[in-house]
Each structure stands twice: as C-alpha cells, then as structure tokens.
Amino acid sequence: MNKTILHGVHSELGASFTDFGGWDMPVRYGSDLAEHNAVRTSAGLFDISHMGEIFISGPEAGSYLDSKLINASSAIKIGKAKYSMLLNESAGIIDDLIVYRLAEEKFLIVANASNKDAVFEDLKNHDFDCRVEDQSDQWSMIALQGPKSNEVINRHTKTEVGIGYYSIEENQIESNEVLIARTGYTGEDGFEIYCQNDAAIAIWKILVDAPEVTPCGLAARDSLRLEAGMPLYGNELDAETQPAEAGLAKVVSNPGDFQGSKNLSSPTKKLIGLMGDGKRAARAGYKLFQGDQEIGEITSGILSPTLAKPIAMAYTTELTLEPGEKIMVDIRGNMQEFLVTALPFYKRGS
Amino acid sequence: MYPETYKYSKEHEWVSVDGDIATVGITSYAADALGDVVFLDLPKVGDDTMYLKICGEIESTKSVSELYSPINGEVIEVNDAITTTPEVVNQDPHGEGWLFKVKFTELSSELMTAAEYQEMVG
C-alpha cells in the first residue's frame, strides 16, 4: 500500500490507519468527534498527500483544458481556482477536480487519489502545444481548516497570506517553499498547502504544534464534508453519473465543446439531502421509500456531529422531490422518517 | 490493559462475574476499532441473551456493528446512563462504559483470559 511522507509522523501521534484509494491513511488520531469539532471551532490539520497533482503547461494549456473539462479553464484568472470535472465520452464523471491557474501558461489540476491515474491517462495524449506532467510523487499536500486557520498560518508565512476563497499564491512557511490555496473540503475557512515532499514533515510539525490546531483523520474529513454538502467520488459521483444528476449542473459552464459534452442528457436520478430525528444514522446503501415503493438509496450518511441529527445524501428516481417533503428510510428493518433538506446541512457562521 | 479478573469473548466483549450476576461490556480494543460511539441499541431488562447471539447494536461515527452476548442469561439491568452519553464507552470501556448485567448459571468454557485475549488481538 502507498504511504505518504508523513506516515511515520502519524504513527508517532498514535493514528489508526485505513486503506483509502490504495493509500494507508490516518482515519483518526484519537476521537474523530473531537477532531471534527476542532475544525468547526478552531483548526484541524489533515495530511492529504494522497491527492494527485497534475501540471499542464505551455502556450495551449488553457485551450487544451477547455476541450476536456466542464468549465472553461482559459477563463480562470492567474492565481484563481475553479471546481471542475473530467467526463468520459458518455458524460459520466471520471473525477471531480480543482483547477488552479498558476501562470498564464501553467495550470495545476488536483485529482482524487483513487482517480489520479485515470485522469492522467485521459489527459496525457493530445495534439495541443502543452505538456501534461503527473508530479504526484513529488508533492505533499497538507490542509489547515477551521476558523483559526488564517491566524495560525499567518504566524508562519514569509508574507501575509492575502488571498480570498478559491485562490492560490506562492509563499514560504518558515523558509519552506509552498503554494498556499484558500480551498478545502470541510465547509470552513482554511488552506490547502502544497509543498515538495522533503518539506512536508517540517511544515506539518510547525502547524500541528500551534495550540489551536488538532491533527485530523479521514473520519473527520468525511463527516465535515458531508455536513458541508460536498460530494465524495465513489459515493455521490462515479462514471455512470452525470454532473446534473449530482446537483452540479451549474458547474457545467464551458461554452464550447468538451469531452462528453455531446452526451450530456436529462437526469434520470437526483441527489438529495436528508435529515432525520433521533440518533440512528441512515448509512450508505440503505433504501429510500415512499409508501411501498422503493425510490432510491443513501450514498453517504452519518449522525451529524454539529447538528446532532442523522444527515445523509441519497439518489432518488423521484425527480420532483423537493426540500420539505418527507420520505422513509429502511434502517436495518426499521422505517424512519427523513425530511428532504436543501444542501448544505451546515454553513459556516450558521 | 485488559483486567485480569474479566473473561473475554472472541467478539470483543468482556464479562465480569460477581456471584450469579455478570456485567458485560466491550473491550478497549473494540471501542478503539469502532471509533466514537454515538448510539447504542441495548437489550431490555427481562430479555434472554444467548452466547454469541446478537443482542443489540453499536453505532459509531463511521459504522454500525452488531453486539454479541458473551453469555447465556437474563438481562437484569441496563446501563441507561450511556444511552445519553455513549462517549463513555470509548472513555472507560472496561468500567463506567459497561452495557448490561445478566443473571446466569454457567459461563462458556470458550471465554478467554485477559492474557489469551491480549494474544488474540495482538
């Protein structure tokens, strides 16, 4: 199994590990609820070095990406980022991505660990004047997330981090060269820090030593993103799902033709949010019902640590279901009522 | 780490005997593997429990697991306190995080000593 550069540091911190996309990743260091709450109220630090970094550079880098992705990379301003997707020819999702424009002719694509190879394979052959390089093996990625993140990071950067949400800049953390992006997967303010592997341990230790910061594992990352209504590839997104079905029709904003665009079609299913009462989570795979009729399936579900209620995302074939309507979920033989709820379940400052 | 006076099942429950009353809980190994416990579905007073038969459920933030009884008997008391504070199961699995008590006549000979259980979980 793959290990990140920080694996030994996690072991020293007493982490439990889990296989995630072929990577042996920390699932929690102690209590995943405490880690979750640290991100909501202070700051949490995540090793996300399993994610893939693919660089596209050259005069036609922007126009090449415009021919591949669901929104127009050439329209991204230097230093800005966009959430995007790469589709297959049938318009199913190969991966959801963040595209950063680092320079006029240089883009960074961050892919999910389990899909990185598929994304690179899909992008590497082309007729455009640009180079596609998978540099995932050289880069580590550390996320600092939570309301205290800005205060913590600015104690250690060479110059004040001056960027807004979905932006990226070059900086230094105690003399280590980094790219700092104001992005994340938790629903909080925060940063994703890209560095060369040999700087990762130093940067991790600088940040984890801050009194506001709690090291956090994938369990907290999953509960945080679900509260924030963010999809997870493999749960809400897959190669048979189109962006509009996942509620992401807005993201499809590329004015030109792009890979899969000719096969975008009317949705046959709809992603919905669900909220219940009590303490029993509706978990992935549990079925949705209206009366006797099965109308869908949970894709992700937990007892929300912040809201103290069960929350879930699910696909339904009932395309007209709207927030405020009630459905039933079969929780291991018990039918429990859930309210269709607009996403996200949690917004910062709420 | 595992109390010497307890007996242990291969499904990671512990049993502490006092006369004909046995107190049942899950081991620290099981509690750690589950992660934070957020919901417990425990047997009710008067229920009969059967050795290695399902008698409830334990939900953690990440998963739901079946609870197996380590003993044949009749439930005489349930730890109601932990249904409102399930985190106690993680904080003190071998003590305040006990789950239920049963009146019993015989312990299974398959139950392990602390040393045997320690060896099983490694």
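Residues are numbered from 1 along each chain as its sequence is written, while chains are lettered from A and ligands numbered from 1 in the order in which they are written. In this predicted model, local features need pLDDT of at least 70 and side-chain atom pairs count only at pLDDT 80 or more, whereas totals for chains, interfaces and linings use all residues.

User: In what order do the elements of chain B run from the N terminus on?
Analyst: Helices (H or I, at least four residues) and strands (E, at least two) are DSSP runs, numbered from the N terminus. On that basis chain B has 4 helices and 9 strands. From the N terminus on, their order is β-β-β-α-β-β-β-β-β-α-α-β-α.

User: What radius of gyration does chain B have, and why does this value agree with a compact globule?
Analyst: The C-alpha trace of chain B spans about 35 × 35 × 20 Å along its principal axes. The radius of gyration is taken over C-alpha atoms, and the globule rule is 2.2 Å times the number of residues to the power 0.38. Because a compact globule with 122 residues would come near 14 Å, the value for chain B agrees, at 13 Å.

User: Is Pro86(B) buried, exposed or partly exposed?
Analyst: Pro86(B) lies in the loop between helix 2 (81-84) and helix 3 (87-91) of chain B, and, leaving out residues up to four places away in sequence, touches Val37(B), Val38(B), Phe39(B) and Leu40(B). A residue is buried if 20 or more other C-beta atoms (placed from the backbone) lie within 10 Å of its own, exposed if 12 or fewer, and partly exposed in between. Because Pro86(B) has 19 C-beta neighbours inside 10 Å, the class is partly exposed.

User: Why is helix 2 of chain A described as largely enclosed, and which elements do its buried residues pack against?
Analyst: Helix 2 of chain A is largely enclosed by the rest of the structure because 7 of its 10 residues are buried. Among these buried residues are Asp32(A), Glu35(A) and Arg40(A). The elements they pack against are strand 2 (23-28), strand 3 (43-47), strand 9 (139-145), strand 13 (213-215) and helix 7 of chain A.

User: Which elements give two or more residues to the side of chain A that touches chain B?
Analyst: Two residues are in contact if their C-beta atoms, placed from the backbone, lie within 7 Å, and 12 residues of chain A are in contact with 9 residues of chain B. The elements in question are helix 2 (32-41), helix 7 (218-227) and strand 16 (293-303) of chain A.

User: How many Å separate the centres of domain 1 and domain 2 of chain A?
Analyst: Domain bounds come from an automatic or database domain assignment, which divides chain A into domain 1 (7-51 + 137-227), domain 2 (53-134) and domain 3 (266-341). In domain 1, 14 residues are in contact with 12 residues of domain 2. Taken over C-alpha atoms, the separation of the two centres is 24 Å.
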